[in-house]
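I opened my notebook today to look up a few things in a two-chain model. Here is what I went through, in the order I looked.

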Amino acid sequence: MLVATVIMIIRTQKLMSAVLMMSFFSLLCSCIFMVLDAVDVAFTEAAVGAGASTIFFLAAIAIVGRTSKPSRPGKTLVPLIACIGTGALLVYASFDMPYFGKVDAPIHQHVAPRYLQESAGEVGPPNVVTSVLASYRGYDTFGEVGVVFTAFIGVLLLLGAGTRKAGIERPAPPNVNDESMRQKIVLREVSDLVVAPVLIFALYVQWHGDFGPGGGFQAGVIFASAIILYALIYGIVPAQQLLPPRKLAYLPGVGLLLYAGVGVYSMLMGGNFLDYDKVASNPLDGQHYGILIIELGVGITVAAVMINIFFSLSERSL
Amino acid sequence: MLAGLFNYWVVIILMMAGLYVVMSSRHLVKKIVGLNIFQTAVFILFISMGAVDGGTAPILVEGTTLYSNPLPHVLILTAIVVGVATTALGLAIAVRIYEAYDSVDEEDIAAMDTEDRRQENAVTTVTNTPS
């Protein structure tokens, strides 16, 4: 099924269908992750791959055009041979891989048993993924948030902060009663119904990430997708009145500083950077507060980055 | 053997398909689609390695002792979000290239570049001859 989808993507010349097939591909992958017991990853893939990244691609092909020229026949031969050659080498290498699902594979012998057995006593949350993400590997996650932030700065430098250049007239905000909005009545009603629950769901995912699947990364993307849905249905101008891009551009920094702030605070309290044991008098409470705050920082950064990128890309296509 | 390695072989096929799109396609946005496919194949590889026969999702509950490995889940979870941010950066670069060249076709852009360089060389030779 996955392979068939990918072959469709390779063969089609229409970018619109390639992007939609990629969205479908992401949804399939999300189901596969679910089957492989990776609930947090499935959650993220569904929100990001099938939601946010598809929207970004659609916004980009709205600017650059929908069709690609077919590659010349001679040009495809060399990549094809190279890919088949590399693939054959990788298949040869795969014979050394431990079989799928084996309990005694090397990957399950290293740090994972400790995470699974000790995290309840050392960190607290029943969701081990959250413990590892926010506490054991807090440095890694801090770095990842930094990468998201850096990518956002790059988009900002390339495309501007989602604000119009001076001298270009903004399109008037669509009137609810005019003809084009009346035709979109189904979309409008459905989005009215959906946006508020999605926002609340994002907050639930944010704060419940310790106990069930979820956390700052997922919550941020879900929150952003509610705002993006609003912007798609009602137009970008009302969405920007709701969240002015100039102010929104500060938020990714705020989230990152919140994360770093927890680290600095734990240093001031006499621990190492991001050592939550020292955040409160009781180490387990400290872990709990530390994880909550850094997940909030992650959520703010991710949500603000996604909305900002969407504004930047869609302002260009107006 | 077939059942044990099947996941990895699917991953390899997907990975090579992504690589093929990146190398053979002329449209820059489609190249980014190819990169995304490649990236997702890597995700499946990691998650497959973390899975355990008879295991369950790594959320601690009473009465279960066998969980899948949480470490790849953490790595891939963050990688997905970082992936979409870098994809957006790639798309932003493609949009800027379109604004500068009025095309996102790799070969057209290369042709325009060679044309520019030829003209620049012609201009320098003309200005150099009088002296």
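**Entry 1: an exposed alanine.** I began with B:Ala111, which is exposed because 12 other C-beta atoms lie within 10 Å. For the record, buried means 20 or more other C-beta atoms within 10 Å of a residue's own, exposed means 12 or fewer, and partly exposed is in between, with C-beta atoms placed from the backbone. I found B:Ala111 in helix α4 (residues 106–128) of chain B. Helices here are DSSP runs (H or I, at least four residues), as strands are (E, at least two), numbered from the N terminus. I also checked B:Ala111 against B:Met16: they are 95 residues apart in sequence and 28 Å apart in space, C-alpha to C-alpha.

**Entry 2: ground rules.** I noted that this is a predicted model, where local features need pLDDT of at least 70 and side-chain atom pairs count only at pLDDT 80 or more, while totals for chains, interfaces and linings use all residues. Residues are numbered from 1 along each chain as its sequence is written, and chains are lettered from A and ligands numbered from 1 in the order in which they are written.

**Entry 3: two aspartates with positive phi.** Most residues other than glycine have a negative phi, so I stopped at these. Phi of A:Asp37 is near 70°, and B:Asp102 has a positive phi of about 65°. A:Asp37 sits in the loop between α2 (15–35) and α3 (39–64) of chain A; B:Asp102 sits in the loop between α3 and α4 of chain B. Buried or exposed, I asked of A:Asp37? A:Asp37 is buried, with 22 other C-beta atoms within 10 Å. B:Asp102 is exposed, with 12.

**Entry 4: the core.** Which residues have the most contacts inside the largest nonpolar core? I got A:Ala60, B:Val29 and B:Leu91, in a core of 127 residues. Such a core is a set of buried Ala, Val, Leu, Ile, Met, Phe, Trp, Tyr and Cys residues joined through C-beta atoms within 7 Å. Helix α3 (residues 70–101) of chain B gives the largest share, 17 residues. Domain 1 (1–97) and domain 2 (127–318) of chain A both contribute residues, so the core lies between them; these bounds come from an automatic or database domain assignment. Leaving out residues up to four places away in sequence, I saw A:Ala60 touch A:Leu313, B:Val29, B:Leu91, B:Ala94 and B:Val95. Contact means C-beta atoms, placed from the backbone, within 7 Å.

**Entry 5: chain B against chain A.** I counted 68 residues of chain B in contact with 83 residues of chain A. On the chain B side, α3(B) gives the most, with 23 residues. That side has 46 nonpolar, 17 polar and five charged residues. The classes: Ala, Val, Leu, Ile, Met, Phe, Trp, Tyr, Cys and Pro are nonpolar, Asp, Glu, Lys and Arg are charged, and the others, Gly among them, are polar.

**Entry 6: inside chain A.** I found 14 residues of domain 1 in contact with 17 residues of domain 2. The domain 1 side divides into 11 nonpolar, two polar and one charged. My last stop was α5(A) and α6(A), where A:Tyr115, A:Leu116 and A:Ser119 meet A:Val128, A:Ser131, A:Val132 and A:Tyr136. I sorted these residues into five nonpolar, two polar and no charged.

Methods. Two residues are in contact if their C-beta atoms, placed from the backbone, lie within 7 Å.
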